[in-house]
Amino acid sequence: MSSNKASRIGEEIWKTRIDKVNTELVTLTYGTIVVQLCKDYDNDYEEVNKQLDKMGYNIGLRLIEDYLAKSNTMKRCTSFRETADMIAKVGFKIFLNITPQVTNWTNDNNQFSLVFDENPFADFVELPDDGRAQDELWYSNILCGVLRGALEMVQMQVEAHFISDVLKGNDTTEMRVSLLRYIDDELPPEDD
Amino acid sequence: MSYYFAIVGTQDAPLFEYEFGTSKQGHDGLSRFSDQVRHLNQFILHSSLDIAEEVQWAHGSMYLKCIDKFFDNYISCFVTGANVKFLLLHHPLNNTGGSGSRSSTAIGANPTSPATEEAIKLFFQEVYENWVKAVMSPFYQNNMEVKSPVFRQRVAAAGRKYL
């Protein structure tokens, strides 16, 4: 499927089949979650990142079903490149109404970057200036978990992490996604 | 014209303060408070809180205009919906030298004129917009001091633009 077609599909679904919700609600709810985690873990930001990723993973495991139902593309992507396009132009479009750019592919087509021009989670946010949050906290880390969880359910084991964030003063917000392996269908346990 | 701007929280503690001067008529935007009066600004400003609390219920609007005067110091006030008060102390320039005719048309020359009121209103509105953004940050807690450098820059920009 060409990337143009993917963005058309994303646009179409966003317009017709998605229940919309106020962005401030999303932004503030997510913000509260992150701040609460920071409190609960005594500003141990490494741990907060981990927890966000775990939460995202659990969301991803479920969200993939919703994605498949809404996008109605019951067809496997033929390549990891196509997967990337579908994630950016359909997945992010229908759930967050953003389309991050897919760039910086490695030669073996197993690693790419998602560059977020806008990020509804991070509106209004300023990281605390305690000297550590700027270095350690990946504010939108839940998204990494979501991708990992969702792709795992469609037989792709990936690793995802942010490598830059405008909240930390970087020019862009960039997530690196690498395909580790395709998970082989596992045979069900013998029932004899 | 020199200005001292402070944001006072609902517990009457200052959350933010910023001192600046006019940028109109080729002025450099630096305040001209002398060392003798600088530390009094806070007292003068906070002493007008009582008046602000009286006046705020009489007004239908958030902008209360000039509510208090102490010698040559005028206090304008703006109350947000969450009862946070923006207070601006303005102190007209001492007209020494030949700049008298020039500054008579300046915003600062007549602190209670409609033009001044309007300029301060625009300043407050811009600060208010940025204030809302600053306090929407999930890491900000109610009545916490605002340390954000971005917010400070924007207040400075609003000051340059309107005052």
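Predicted model: local features only at pLDDT ≥ 70, side-chain atom pairs only at ≥ 80, totals over all residues.
Q: Why is β5(B) largely enclosed by the rest of the structure?
A: Start with the cut-off: a residue is buried when its relative accessible area is under 20%. Then count along the strand. Seven of the seven residues of β5(B) are buried, so the strand is largely enclosed by the rest of the structure.

Q: In which sense do β1(B) and strand β5 of chain B pair, and over how many bridges?
A: To read a pairing, look for the bridges and the direction. β1(B) and β5(B), which is residues 85-91, pair in the antiparallel sense over seven bridges. Ala6(B) stands opposite Leu87(B). Ser2(B) has His91(B) as its bridge partner.

Q: How many bridges join β1(B) to strand β2 of chain B?
A: Seven bridges join β1(B) to β2(B), residues 14-21, and the two run antiparallel. Find Ala6(B) again: its bridge partner in β2(B) is Glu17(B). Then look at the turn. The hairpin of β1(B) and β2(B) has five residues between the strands. Asp12(B) takes a positive phi there, near 60 degrees.

Q: Which residue in the turn between β4(B) and β5(B) has a positive phi?
A: That residue is Asn83(B), with a positive phi of about 65 degrees. The hairpin of β4(B) and β5(B) has five residues between the strands. Strand β4 spans residues 73-79, and six bridges join it to β5(B) in an antiparallel run. In this pairing, Phe78(B) stands opposite Phe86(B).

Q: How many residues of chain A are in contact with chain B?
A: Count each side on its own. Here 16 residues of chain A are in contact with 10 residues of chain B. Next, take the area. The two chains bury about 980 Å² between them, 72% of it on carbon and sulfur atoms. In chain A, Val35(A), Phe124(A) and Glu126(A) lose the most area to chain B, together 56% of what that side buries.

Q: How many residue pairs are in polar contact across the interface of chain A and chain B?
A: The rule finds two residue pairs in polar contact. By class, the side of chain A that touches chain B has 10 nonpolar, two polar and four charged residues.

Q: Where is the place of Asn43(A)?
A: Go to chain A, to the loop between α2 (23-40) and α3 (45-71). At 33% relative accessibility, Asn43(A) counts as partly exposed. Then check who touches it. Leaving out residues up to four places away in sequence, Asn43(A) touches Cys38(A), Asp130(A) and Arg132(A). Asn43(A) and Asp130(A) are 87 residues apart in sequence, yet 9.6 Å apart in space, C-alpha to C-alpha.

Methods
Residues numbered from 1 in each chain as written. Chains lettered and ligands numbered in written order. Heavy atoms only, no water. Contact = heavy atoms within 4.5 Å. Buried area = accessible area lost by both parts, 1.4 Å probe. Polar contact = N/O pair within 3.5 Å; in protein donor to acceptor, adjacent residues only side chain to side chain. Nonpolar A, V, L, I, M, F, W, Y, C, P; charged D, E, K, R; others polar. Pairing = 2+ DSSP bridges. Helix = DSSP H or I, 4+ residues; strand = E, 2+ residues; numbered from the N terminus. Buried < 20%, exposed > 50% of the residue type's maximum accessible area, 1.4 Å probe, protein only.
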